[in-house]
Amino acid sequence: MFVLHESQKLQILYESLEKSIPESLKVYGAVFNIKNKNPFNMEVLVDAWPDYQIVITRPQREEMKDELDHYTNTYQIFTKAPDKLEEVLACPQVINWDQAFQIQGCQENLREAIRKISVSKSVQVDYTKTTLIMTQMPMEPSDDQVDVMESFKMPKVDDNTEKENFQNIFLDPSHAGLVNEQWTFGKNDRSLKYIERCLQNFPGFGVLGPEGCLISWVVMEQSCEMRMGYTVPKYRNHGYMKKIGIHLMKYFIQKKMPFYFHVSEYKEYHQAPRDMKFKVAPCGWHQWKCTPEKYC
């Protein structure tokens, strides 16, 4: 595996990955952000060029300083050759199995290679599979660079929302604590730091209730996935997550940016994607949280 640096090659890879959506979606979204100012300081690895079989996006080595920070130490993987994956992932130059990390992808066939390597290296693996929700991916923006925060204009508040004293807002790092408290994968100091970084670099959107408190929100992360979605129980089943989704969908389509999200079976906003013409991707959303036994 080697790092793909040149902007022209990254663009060719991005266009190629689009043909493999939804299976390539996590890597596709990460490459988009790497091409556009790379706010999370990530890099792209391929096994060959241009006829690649495996693509991995990951933080650059200097970013992965905290041995227990699996939020930062996250790898997105796409493969056309699952039988070759075990040899590649076992290489310490590709993945550091001595620290806590996550692997994310949209292919369940990554699972066997990860299982075999984790057993041989005495690493505990917590596997999560959820439903991947997506829409048709947009074409590449015409701008050479896309600053997602600078160009994110406030959507207009619709008449009904205004009458009810509900307000659409941008999230900023000051909201990270609240988001962290309700995030199923968070609720700790490292996740708080990760959410703050996401809100410094990517769009976060919410709805303020009549009392001026956040009642519903969602945040984009480094692979263009909308995550951490939550609605306060009192306001569930009133369509507030749907309102957020509509505004974000209009913006991302206009800006020709990829976006998608995952939901568990029991999330109250599971109905909203169907209402907004999103579709369920058959491949699913997969995450492997890997922790060396010395840290368990």
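Analyst: A crossing is left-handed if the near helix is turned anticlockwise from the far one by less than a right angle, and right-handed if clockwise. The model is predicted: local features need pLDDT of at least 70, side-chain atom pairs count only at pLDDT 80 or more, and totals for chains, interfaces and linings use all residues. Residues are numbered from 1 along each chain as its sequence is written, and side-chain values use heavy atoms, leaving out hydrogens and water.

User: Are α1 and α2 roughly parallel or roughly antiparallel to each other?

Analyst: Helices are DSSP runs (H or I, at least four residues), numbered from the N terminus. Axes are lines fitted to C-alpha atoms over the stretch in contact, with angles from 0 to 180 degrees between N-to-C directions. The axes of α1 (residues 7-18) and α2 (residues 25-35) come within 10 Å and cross at roughly 155°. Angles under 35 degrees count as roughly parallel and over 145 as roughly antiparallel, so α1 and α2 are roughly antiparallel.

User: Is the crossing of α1 and α2 left-handed or right-handed?

Analyst: Take the handedness rule above. By it, α1 passes α2 in a crossing that is left-handed.

User: Which residues have the most contacts inside the largest nonpolar core?

Analyst: Such a core joins buried (under 20% relative accessible area, 1.4 Å probe, protein chains only) Ala, Val, Leu, Ile, Met, Phe, Trp, Tyr and Cys through side-chain atoms within 4.5 Å. Contact means heavy atoms within 4.5 Å. Beyond four places in sequence, Leu13 is in contact with residues including Leu4, Val31 and Trp49. The largest core has 66 residues, and those with the most contacts are Leu13, Leu17 and Val44.

User: What share of the chain is buried?

Analyst: The chain has 296 residues. Buried ones make up 53%.

Terms used. Buried means under 20% relative accessible area, exposed over 50%, partly exposed in between (1.4 Å probe, protein chains only). Helices (H or I, at least four residues) and strands (E, at least two) are DSSP runs, numbered from the N terminus. Angles under 35 degrees count as roughly parallel, over 145 as roughly antiparallel, 65 to 115 as roughly perpendicular and the rest as oblique.
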